Amino acid sequence: MSASPDVLNALNSIRANGCSGRPGVGPPLRENTQLSDAAKRTAAGLGLSDALAAAGYRANHSLIIRISGGGTQAVTSFLSREYCAHVLEAAYTDIGVHQQLRETRIILAAPFMTPPAEAAGAVAIRVLQLVNQARERARICGSDRFAAAQPLTLNDTLSRAALAHAADMAQYSHFSHEGRDGSSPADRMSRAGYNWKAVGENIAAGQTTPESVVDGWLKSPHHCANVMAPQFREMGIGYYVNRTSQAGIYWVQLFGARR
(Lines give C-alpha, C1' and ligand atoms only; values in the text may rest on other atoms or scores of the structure.)
Protein backbone atom coordinates (compact mmCIF):
# COMPACT_ATOMS: atom_id res chain seq x y z
CA MET A 1 0.00 0.00 0.00
CA SER A 2 1.53 3.28 -1.08
CA ALA A 3 0.74 6.82 -0.06
CA SER A 4 -0.34 9.21 -2.78
CA PRO A 5 2.88 10.73 -4.16
CA ASP A 6 1.02 13.97 -4.88
CA VAL A 7 -0.08 14.37 -1.26
CA LEU A 8 3.33 13.33 0.07
CA ASN A 9 5.11 15.80 -2.20
CA ALA A 10 2.65 18.53 -1.21
CA LEU A 11 3.26 18.02 2.49
CA ASN A 12 7.02 17.92 2.03
CA SER A 13 6.83 21.15 0.04
CA ILE A 14 5.09 22.73 3.02
CA ARG A 15 7.73 21.25 5.34
CA ALA A 16 10.51 22.72 3.21
CA ASN A 17 9.03 26.14 2.51
CA GLY A 18 6.91 26.82 5.58
CA CYS A 19 3.37 28.15 5.84
CA SER A 20 1.33 30.83 7.60
CA GLY A 21 4.48 32.85 8.22
CA ARG A 22 6.30 29.92 9.84
CA PRO A 23 9.68 28.82 8.46
CA GLY A 24 10.15 25.40 6.95
CA VAL A 25 11.70 22.47 8.78
CA GLY A 26 13.51 19.32 7.77
CA PRO A 27 13.99 16.51 7.09
CA PRO A 28 11.07 15.58 4.83
CA LEU A 29 8.36 13.20 5.94
CA ARG A 30 8.93 9.52 5.12
CA GLU A 31 6.18 7.37 3.69
CA ASN A 32 5.30 4.49 6.01
CA THR A 33 3.12 1.69 4.68
CA GLN A 34 1.93 0.73 8.17
CA LEU A 35 0.60 4.24 8.67
CA SER A 36 -1.15 4.13 5.29
CA ASP A 37 -2.70 0.84 6.38
CA ALA A 38 -3.77 2.47 9.65
CA ALA A 39 -5.31 5.38 7.73
CA LYS A 40 -7.31 2.89 5.66
CA ARG A 41 -8.47 1.16 8.84
CA THR A 42 -9.77 4.45 10.26
CA ALA A 43 -11.84 4.83 7.09
CA ALA A 44 -13.37 1.47 7.98
CA GLY A 45 -14.38 2.78 11.39
CA LEU A 46 -11.48 2.11 13.73
CA GLY A 47 -10.23 4.83 16.06
CA LEU A 48 -6.69 6.06 15.53
CA SER A 49 -5.07 4.19 18.43
CA ASP A 50 -6.78 0.92 17.50
CA ALA A 51 -5.89 1.39 13.83
CA LEU A 52 -2.23 1.98 14.66
CA ALA A 53 -2.15 -1.12 16.85
CA ALA A 54 -3.83 -3.23 14.19
CA ALA A 55 -1.32 -2.01 11.61
CA GLY A 56 1.60 -2.79 13.92
CA TYR A 57 2.84 0.80 14.26
CA ARG A 58 3.76 2.18 17.69
CA ALA A 59 3.94 5.96 17.94
CA ASN A 60 5.19 8.38 20.55
CA HIS A 61 2.43 10.64 19.34
CA SER A 62 0.32 10.86 16.21
CA LEU A 63 -2.34 12.89 14.45
CA ILE A 64 -4.98 12.05 11.86
CA ILE A 65 -6.24 14.64 9.40
CA ARG A 66 -9.42 14.09 7.39
CA ILE A 67 -10.07 16.17 4.29
CA SER A 68 -13.19 15.94 2.15
CA GLY A 69 -13.31 16.98 -1.49
CA GLY A 70 -10.85 18.77 -3.71
CA GLY A 71 -7.68 17.74 -5.51
CA THR A 72 -4.07 17.98 -4.41
CA GLN A 73 -4.01 21.77 -4.63
CA ALA A 74 -7.09 22.07 -2.41
CA VAL A 75 -5.60 19.57 0.06
CA THR A 76 -2.34 21.55 0.15
CA SER A 77 -4.18 24.82 0.72
CA PHE A 78 -6.26 23.29 3.53
CA LEU A 79 -3.20 21.84 5.28
CA SER A 80 -1.29 25.12 4.99
CA ARG A 81 -4.21 27.03 6.45
CA GLU A 82 -5.59 24.67 9.11
CA TYR A 83 -2.73 22.34 10.04
CA CYS A 84 0.41 24.36 9.41
CA ALA A 85 1.85 23.93 12.92
CA HIS A 86 1.27 20.18 12.83
CA VAL A 87 2.79 19.68 9.39
CA LEU A 88 5.85 21.64 10.51
CA GLU A 89 6.24 19.79 13.80
CA ALA A 90 9.77 18.39 13.63
CA ALA A 91 8.91 15.37 15.81
CA TYR A 92 6.68 14.03 13.06
CA THR A 93 8.86 12.03 10.69
CA ASP A 94 6.47 9.43 9.21
CA ILE A 95 3.33 9.79 7.13
CA GLY A 96 0.59 7.52 5.88
CA VAL A 97 -2.11 8.48 3.37
CA HIS A 98 -5.34 6.81 2.34
CA GLN A 99 -7.55 8.26 -0.37
CA GLN A 100 -11.00 6.95 -1.17
CA LEU A 101 -13.37 8.69 -3.54
CA ARG A 102 -13.17 12.36 -2.51
CA GLU A 103 -11.83 11.83 1.01
CA THR A 104 -8.17 11.99 2.03
CA ARG A 105 -6.95 10.65 5.37
CA ILE A 106 -3.44 11.56 6.50
CA ILE A 107 -1.68 10.23 9.58
CA LEU A 108 1.40 12.05 10.86
CA ALA A 109 3.43 10.22 13.48
CA ALA A 110 6.54 10.32 15.60
CA PRO A 111 7.72 6.71 15.86
CA PHE A 112 8.23 5.08 19.23
CA MET A 113 12.00 5.42 19.70
CA THR A 114 13.61 4.28 22.94
CA PRO A 115 17.20 4.37 24.19
CA PRO A 116 18.94 1.03 23.53
CA ALA A 117 20.04 -1.13 26.44
CA GLU A 118 23.69 -0.34 25.70
CA ALA A 119 22.98 3.37 26.31
CA ALA A 120 22.00 2.70 29.94
CA GLY A 121 25.20 4.22 31.34
CA ALA A 122 24.82 7.45 29.38
CA VAL A 123 21.11 7.64 30.21
CA ALA A 124 21.85 7.22 33.93
CA ILE A 125 24.39 10.03 33.84
CA ARG A 126 21.94 12.30 32.06
CA VAL A 127 19.13 11.54 34.53
CA LEU A 128 21.54 12.25 37.40
CA GLN A 129 22.51 15.58 35.80
CA LEU A 130 18.87 16.61 35.43
CA VAL A 131 18.00 15.56 38.99
CA ASN A 132 20.97 17.44 40.44
CA GLN A 133 20.09 20.51 38.40
CA ALA A 134 16.62 20.37 39.97
CA ARG A 135 18.12 20.00 43.47
CA GLU A 136 20.34 23.07 42.98
CA ARG A 137 17.48 25.45 43.73
CA ALA A 138 14.47 25.68 45.99
CA ARG A 139 11.30 24.18 44.56
CA ILE A 140 7.62 23.78 45.35
CA CYS A 141 6.29 20.24 44.94
CA GLY A 142 2.52 20.40 45.17
CA SER A 143 1.85 22.17 48.49
CA ASP A 144 5.30 21.47 49.96
CA ARG A 145 8.30 23.76 49.74
CA PHE A 146 11.79 22.30 49.47
CA ALA A 147 15.07 24.10 49.91
CA ALA A 148 17.97 23.40 47.59
CA ALA A 149 19.56 20.04 48.40
CA GLN A 150 22.96 18.43 48.05
CA PRO A 151 23.67 16.64 44.77
CA LEU A 152 23.15 12.90 44.55
CA THR A 153 25.62 10.31 43.31
CA LEU A 154 24.89 7.20 41.26
CA ASN A 155 24.93 3.87 43.05
CA ASP A 156 25.29 0.66 41.03
CA THR A 157 23.44 -1.46 43.57
CA LEU A 158 20.43 0.85 43.43
CA SER A 159 20.56 0.87 39.63
CA ARG A 160 20.55 -2.94 39.50
CA ALA A 161 17.53 -3.06 41.82
CA ALA A 162 15.80 -0.37 39.73
CA LEU A 163 16.45 -2.27 36.50
CA ALA A 164 15.09 -5.52 37.95
CA HIS A 165 11.80 -3.86 38.90
CA ALA A 166 11.59 -2.00 35.56
CA ALA A 167 12.11 -5.29 33.69
CA ASP A 168 9.43 -7.04 35.73
CA MET A 169 6.95 -4.24 35.08
CA ALA A 170 7.73 -4.21 31.36
CA GLN A 171 7.43 -7.97 30.95
CA TYR A 172 4.00 -8.08 32.59
CA SER A 173 2.62 -4.55 31.96
CA HIS A 174 2.53 -4.19 35.74
CA PHE A 175 2.87 -0.56 36.79
CA SER A 176 3.14 -0.28 40.55
CA HIS A 177 5.54 0.43 43.40
CA GLU A 178 4.52 -2.96 44.73
CA GLY A 179 6.25 -5.79 42.91
CA ARG A 180 4.26 -8.73 41.60
CA ASP A 181 5.81 -10.75 44.44
CA GLY A 182 4.44 -8.25 46.96
CA SER A 183 7.80 -6.54 47.51
CA SER A 184 8.19 -2.87 48.42
CA PRO A 185 10.99 -0.58 47.23
CA ALA A 186 12.69 -1.10 50.59
CA ASP A 187 12.42 -4.88 50.18
CA ARG A 188 14.01 -4.74 46.75
CA MET A 189 16.83 -2.49 47.94
CA SER A 190 17.56 -4.82 50.85
CA ARG A 191 17.44 -7.83 48.56
CA ALA A 192 20.02 -6.17 46.31
CA GLY A 193 22.35 -5.70 49.29
CA TYR A 194 21.82 -2.00 49.99
CA ASN A 195 21.86 -1.29 53.74
CA TRP A 196 19.52 1.68 53.81
CA LYS A 197 18.31 4.19 56.35
CA ALA A 198 16.17 6.17 53.86
CA VAL A 199 14.27 4.86 50.82
CA GLY A 200 12.37 6.45 47.95
CA GLU A 201 11.18 5.30 44.55
CA ASN A 202 9.84 6.98 41.42
CA ILE A 203 8.37 5.01 38.53
CA ALA A 204 7.27 6.07 35.06
CA ALA A 205 6.03 4.44 31.87
CA GLY A 206 6.01 5.51 28.24
CA GLN A 207 8.57 8.34 28.31
CA THR A 208 11.40 7.76 25.86
CA THR A 209 14.10 10.24 26.94
CA PRO A 210 15.82 11.23 30.20
CA GLU A 211 14.44 14.75 29.76
CA SER A 212 10.82 13.65 29.43
CA VAL A 213 10.93 11.22 32.33
CA VAL A 214 12.55 13.70 34.75
CA ASP A 215 10.20 16.46 33.61
CA GLY A 216 7.24 14.20 34.35
CA TRP A 217 8.55 13.42 37.81
CA LEU A 218 9.11 17.09 38.61
CA LYS A 219 5.53 17.89 37.59
CA SER A 220 4.14 15.26 39.96
CA PRO A 221 4.10 16.43 43.61
CA HIS A 222 4.99 13.07 45.17
CA HIS A 223 7.73 12.26 42.65
CA CYS A 224 9.05 15.81 42.84
CA ALA A 225 9.26 15.48 46.62
CA ASN A 226 11.45 12.40 46.20
CA VAL A 227 13.73 14.27 43.81
CA MET A 228 14.13 17.14 46.29
CA ALA A 229 14.22 15.18 49.56
CA PRO A 230 17.34 16.25 51.52
CA GLN A 231 17.74 12.90 53.30
CA PHE A 232 18.72 11.09 50.10
CA ARG A 233 22.37 10.84 49.13
CA GLU A 234 22.39 8.31 46.27
CA MET A 235 20.30 7.41 43.27
CA GLY A 236 19.87 4.44 40.95
CA ILE A 237 18.04 4.44 37.62
CA GLY A 238 16.88 1.65 35.35
CA TYR A 239 14.65 1.34 32.28
CA TYR A 240 13.43 -1.64 30.30
CA VAL A 241 11.88 -1.76 26.84
CA ASN A 242 9.21 -4.24 25.82
CA ARG A 243 7.42 -3.04 22.70
CA THR A 244 4.58 -5.50 23.21
CA SER A 245 3.83 -4.18 26.70
CA GLN A 246 1.15 -1.63 27.44
CA ALA A 247 3.53 1.34 27.79
CA GLY A 248 6.49 0.05 25.76
CA ILE A 249 9.12 1.30 28.22
CA TYR A 250 9.18 1.37 32.03
CA TRP A 251 11.44 3.43 34.30
CA VAL A 252 12.41 3.04 37.95
CA GLN A 253 14.38 5.58 39.99
CA LEU A 254 15.53 4.56 43.46
CA PHE A 255 16.73 6.98 46.14
CA GLY A 256 18.64 5.98 49.21
CA ALA A 257 20.90 6.87 52.08
CA ARG A 258 23.06 4.18 53.65
CA ARG A 259 23.35 3.41 57.34
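**Pockets and disulfides**

Mentor: Start with a lining. Ala-161, Ala-164, His-165, Asp-168, Gly-179, Arg-180, Asp-181, Ser-183, Arg-188, Arg-191 and Ala-192 line the second largest pocket. Keep in mind that the model is predicted.

Trainee: What makes a residue part of the lining of the second largest pocket?

Mentor: A lining residue has an atom within 4 Å of a pocket point. Asp-168 is one of the residues that line this pocket. About 150 Å³ of space lies in it.

Trainee: Which elements supply the lining of the second largest pocket?

Mentor: α7 and α8 (185–192) each supply at least two residues. The largest share, four residues, comes from α7.

Trainee: What about the largest pocket?

Mentor: About 300 Å³ of space lies there. Of its 14 lining residues, the closest to the centre are Ala-120, Leu-163, Ile-237, Gly-238 and Tyr-239. α6 (120–135), α7 (156–172) and β9 (234–241) each give two or more residues to the lining. β9 gives the most, with five. By class, the lining has ten nonpolar, two polar and two charged residues.

Trainee: Why is the link of Cys-19 and Cys-84 called a disulfide?

Mentor: The cut-off is a pair of cysteine sulfur atoms within 2.5 Å. Here S to S is 2.1 Å, so Cys-19 and Cys-84 are joined by a disulfide. The link is right-handed, with 100 degrees about the S-S bond. Cys-19 sits in the loop between α1 (5–17) and β1 (30–31), and Cys-84 in helix α5 (residues 84–87), 65 residues apart.

Trainee: How do you know whether Cys-19 and Cys-84 are buried or exposed?

Mentor: Buried means under 20% relative accessible area. Cys-19 has 7%, so Cys-19 is buried. Cys-84 has 4%, so Cys-84 is buried as well.

Trainee: How many disulfides does a search of the whole structure find?

Mentor: Two. Cys-141 is joined to Cys-224, with S to S 2.0 Å. That value is within the 2.5 Å cut-off, so the pair counts as a disulfide. The link is left-handed, with -50 degrees about the S-S bond. Cys-141 lies in strand β5 (residues 139–141) and Cys-224 in helix α10 (residues 221–228), 83 residues apart. Both cysteines are buried.

Trainee: What is the pairing, with the bonded cysteines numbered in sequence order?

Mentor: The pairing is 1-2, 3-4.

Notes
Residues are numbered from 1 along each chain as its sequence is written. This is a predicted model: local features need pLDDT of at least 70, side-chain atom pairs count only at pLDDT 80 or more; totals for chains, interfaces and linings use all residues. Side-chain values use heavy atoms; hydrogens and water are left out. On a 1 Å grid over the protein atoms alone, a cavity is a set of points where a 1.4 Å probe fits but cannot get out, and a pocket is an open set with protein on both sides within 12 Å along at least five of seven lines; lining residues have an atom within 4 Å of a point. Grid points are joined across faces, edges and corners, and a volume is the space filled by probe spheres set on the points. Ala, Val, Leu, Ile, Met, Phe, Trp, Tyr, Cys and Pro count as nonpolar, Asp, Glu, Lys and Arg as charged, and the others, Gly among them, as polar. Buried means under 20% relative accessible area, exposed over 50%, partly exposed in between (1.4 Å probe, protein chains only).
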